Amino acid sequence: MLREFIPDELITEVLSFLPVKSLMRLKCLNKSWKTLISDPAFIKLHLKRSARNKHLALFSRIQQTSYNFRVAPFRLHCLLENTSGTITVPYFPINKDRVSLNVVGSCNGLFCLVGYYHTPTYINYKKILFYLWNPATRTLSNKIKFYCENCFKWRVAFGYDNSTETYKIVVFNPESYEVSVFNFGGNNIWKNIQSFPVVLLPLDRVLASHGYRDVYAHVNDSLNWLVIREESQFVIISLDLSSETYRQLLPPQGFDKVSLVLPTLAMLMDSLCFCHDFNGTNFIIWQMKEFGVQESWIQFLKISYQDLPIVYNVCSRLPLFPLCLSENGDTLVLAWDRGKQAILYNTAEKTGYTDNCKWYGSKEYVESLVSTC
């Protein structure tokens, strides 16, 4: 009856602003609404609108030895507007029997989960299991298997190729430089690509410096890692997910001082960012305004540790990590691994406070209807 009075275009426009939970209910209303909400064009439109409402997601296992994995997505404004600094959000649980899961990437509302089969006395390190999970629609892909020797040494990344509209898992061995890619929505098989061109930072050193993160940045259809090309000389290796070829980018000009804390890469404002400690007194974030253009690096923020509500000790080698920036650009959310805390930093007033919940893992997130198939 409603369609007799309202044009289809207007209905589509209105529905594209609704949350996923409401749309999932409306799909049950009738066949035509289910067809509309399931249409790839509508899913893209809804994703574009959802991207305006920034989310974060906390994820953890209930216990270190538990198979129960959970994710708690929440709107960023809930954290910014809560003066107590405490958030209470429902967790979306997922349980895979005998599989211990972790998040290795987040893109367009999908989490890439990685895990291993194990029992209390044995872990199978010859097979890695991957899943795509959409917490908003409560859907999980079929498992994807990757066989290798000493799988725990392999590094993993996840991203999206706009040119082919496919999601890709990238795994590589930092010892042999071997690289394999899995395309969702393509041929759904693993294929080898050109070997990694430069020695990566050893994983144990990365994790010692960055806590739980094997840090990479997904920017402009590319995956980006920080590596050491020569002794004490950093370079950024960028893998183009469309051509599946590499190029090398340099850090900001003049960055040549190696701190006890490793620098890191992040994505803020859809731009590649290079973040590093400076003399144990400041945390500096550089932004590459035009991706791939060396001259476009600008110093975006210089944050004094004295302006933060933490006791920062550079010798701990646990750095800050930028998670996301508010829409108006006045609040930066930082993760601090040592305290498992989030720090909210006001860029104008140069002040910060911590929230009271424990952040065992966190990623930027957007609610979407994107399929895991």
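This report describes the strands, helices and cysteines of a predicted model.

## Basis of the description

The model is predicted, and local features are reported where pLDDT is at least 70, side-chain atom pairs count only at pLDDT 80 or more, and totals for chains, interfaces and linings use all residues. Residues are numbered from 1 along each chain as its sequence is written, and side-chain values use heavy atoms, with hydrogens and water left out.

Helices and strands are DSSP runs numbered from the N terminus, a helix being H or I over at least four residues and a strand being E over at least two. Helix α3 spans residues 31-38, and within this helix Trp 33, Leu 36 and Ile 37 are buried, a term that stands for under 20% relative accessible area, with exposed meaning over 50% and partly exposed the range in between, for a 1.4 Å probe and protein chains only. These three residues lie on the same side of α3, because the arc that they cover around the axis is only 90°, the arc being that of the directions from the helix axis to the C-beta atoms.

The buried residues of α3 pack against α1 (8-15), α2 (20-26) and α4 (40-50). Between α3 and α4, Leu 36, Ile 37 and Ser 38 on the α3 side meet Pro 40, Phe 42 and Ile 43 on the α4 side, where contact means heavy atoms within 4.5 Å. The axes of α3 and α4 are 5 Å apart and form an angle of about 60°; axes are lines fitted to C-alpha atoms, for helices over the stretch in contact, and angles run from 0 to 180 degrees between N-to-C directions. The two helices α3 and α4 are therefore oblique to each other, given that angles under 35 degrees count as roughly parallel, over 145 as roughly antiparallel, 65 to 115 as roughly perpendicular and the rest as oblique.

## The sheet β10 to β13

Four strands form an open sheet in the order β10-β11-β12-β13, with antiparallel pairing; two strands pair if DSSP finds at least two bridges between them. At the edges stand β10 (155-161) and β13 (190-193), each with a single partner strand, so one side of each is left without a neighbour in the sheet. Neighbouring strands of this sheet are turned against each other by 30° on average, direction ignored.

Strand β12 (residues 179-184) runs antiparallel to β13 and is joined to it by 4 bridges, with Val 181 having Lys 191 in β13 as its bridge partner.

Strand β16 (residues 233-240) is largely enclosed by the rest of the structure, because 6 of its 8 residues are buried. Over 5 bridges, β16 pairs in the antiparallel sense with strand β17 (residues 245-249), and Asp 240 has Thr 245 in β17 as its bridge partner. The hairpin has 4 residues between the strands, and Glu 244 takes a positive phi near 55°.

Strands β19 (residues 271-278) and β20 (residues 282-288) run antiparallel and are joined by 7 bridges, and His 276 stands opposite Ile 284 in β20.

## Cysteines

The structure holds 0 disulfides, a disulfide being a pair of cysteine sulfur atoms within 2.5 Å. For Cys 275, the nearest cysteine sulfur is that of Cys 273, 5.9 Å away. Cys 275 counts as buried at 1% relative accessibility, and Cys 112 counts as buried at 0%.
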